[in-house]
Amino acid sequence: MSSKQALREFQSRLAERLQSARTSGVAASWLAVEARGRRLLFPLSHAGEIFPWTDVQSVPYTHDWFLGVANLRGGLHSIVDLAAFVESRGPIRRTELELGQSRLIALNPMLETSCALLVDGLHGLRTVESFASSAPAPDGAPSYFGHTYTDMDGVQWQEVNLQALSQHQPFLVIGV
């Protein structure tokens, strides 16, 4: 199965789930993603369109987490490796296969930031009812971290406030 066909099928399933949630009265709150083994939740109101990996034009003299710029549906977007940014470590090397399975999550245009975040995988939509407990972000966590949620299987998910991230000073300064 080609990656384009798989993406279309995933987007169809996601659209069906969104429609089902609307008609059942259950509102999804987050888009669940994974970045370098870390489970993350993006508020749906902050997340924009989901894109497959595409060619990214690198930009010299930038941080390792800033991958470059790409044309996404006719718009020029900055591409940020979210895991590398959050972990403040060196660049994350990915194989072509891993990049083919990764996704770019554009920030909602209302955030006024033409940026897309590279994540390793999508885990669908989540509602508050998907979780057994929640706790405030741990002391020392970045300002854009929201609550930490634990699902019914005991897996922890970290909420990422994309609006706060888009205004976070280190995120805005891409140059070294």
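Glycine 154 takes a positive phi near 85° in the hairpin of β10 and β11, which has 4 residues between the strands. Strands here are DSSP runs (E, at least two residues; helices are H or I, at least four residues), numbered from the N terminus. The model is predicted: local features need pLDDT of at least 70, side-chain atom pairs count only at pLDDT 80 or more, and totals for chains, interfaces and linings use all residues. Residues are numbered from 1 along each chain as its sequence is written, and side-chain values use heavy atoms, with hydrogens and water left out.

Two strands count as paired if DSSP finds at least two bridges between them. Phenylalanine 145 stands opposite valine 160 in β11, and threonine 148 has glutamine 158 in β11 as its bridge partner.

Threonine 148 is also the bridge partner in β10 of alanine 135. The pairing of β9 with β10 is again antiparallel, over 4 bridges. Of the 7 residues of β10, 6 are buried (under 20% relative accessible area with a 1.4 Å probe, protein chains only; exposed is over 50%, partly exposed in between).

These strands belong to an open sheet of 6 strands in the order β8-β1-β2-β11-β10-β9, with mixed pairing. Its edge strands, β8 (121–126) and β9 (131–135), each pair on one side only. Neighbouring strands of the sheet are turned by 30° against each other on average, direction ignored; the axes are lines fitted to C-alpha atoms (for helices over the stretch in contact), and angles run from 0 to 180 degrees between N-to-C directions.
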